[in-house]
Amino acid sequence: MWEEPDNLQYLDTTGLPLGISRTAAYDLQTVPFTKDHFLFSFSDALIETKLNNDTYLEGEELIRLVKYLIGGRPTPQLLDQLISTFFERGGNKIRDDLTAVCFDSL
């Protein structure tokens with residue numbers, strides 16, 4: 001997930017996940033990354049774990065949550081807030097490893 005001012009969007013992640021095949025080929029993508037941008041990267045456990053209300057934190061629901069949490073600009077607490085919200089909503093039923101990182105410019 002990448003944010004340009006006022007335009008939170010998913011980057012193209014089609015293709016084989018890393019580590020599945022030694023012969024997999026990937027297209028190089030380049031996007032601007034200035035002080036106005038941030039990149040949030042996560043493993044599939046975040047979007048494939050059923051929450052308490054029988055929904056998943058995916059697609060527009062994830063975008064709405066991130067927009068709500070950043071309130072106009074990401075803070076150092078964004079990652080902690082997002083993961084805490086995930087577990088509060090039922091992510092404690094997770095059956096997979098969860099990895100999440102957030103990159104911001106200095």
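Analyst: His 37 sits in the loop between E2 and E3, where strands are DSSP runs of E with at least two residues, helices are runs of H or I with at least four, and both are numbered from the N terminus. This is a predicted model, so local features need pLDDT of at least 70 and side-chain atom pairs count only at pLDDT 80 or more, while totals for chains, interfaces and linings use all residues. Residues are numbered from 1 along each chain as its sequence is written, and side-chain values use heavy atoms, with hydrogens and water left out.

His 37 is buried, at 5% relative accessible area (buried is under 20%, exposed over 50%, partly exposed in between, with a 1.4 Å probe and protein chains only). Its side chain makes a polar contact of 2.9 Å with the side chain of Thr 34; that term means a pair of N or O atoms within 3.5 Å, where within protein one must be able to donate a hydrogen and the other to accept it, and residues adjacent in sequence count only if both atoms are side-chain atoms.

Contact here is heavy atoms within 4.5 Å.

So who's buried on H3, residues 78–88? Leu 78, Leu 82, Ile 83, Thr 85 and Phe 86. They end up on the same side of H3 because they span an arc of only 160° around the axis, taking directions from the axis to the C-beta atoms. An α-helix has 3.6 residues a turn, so residues three or four places apart point the same way. Asp 80 and Glu 88 are exposed, on the face turned away from the buried side of H3. After H3 comes Gly 90, with a positive phi near 120°.

Phe 86 also touches Thr 49, whose other partners, leaving out residues up to four places away in sequence, are Thr 55, Tyr 56, Gly 91, Lys 93 and Ile 94. Thr 49 belongs to the loop between H1 and H2 and is buried, at 6% relative accessible area. Its side chain reaches the backbone oxygen of Ala 45 at 2.7 Å.

Asp 54 lies in the loop between H1 and H2 too, but it counts as exposed, at 57% relative accessibility. Most residues other than glycine have a negative phi. Asp 54 isn't a glycine, yet its phi is positive, about 60°.
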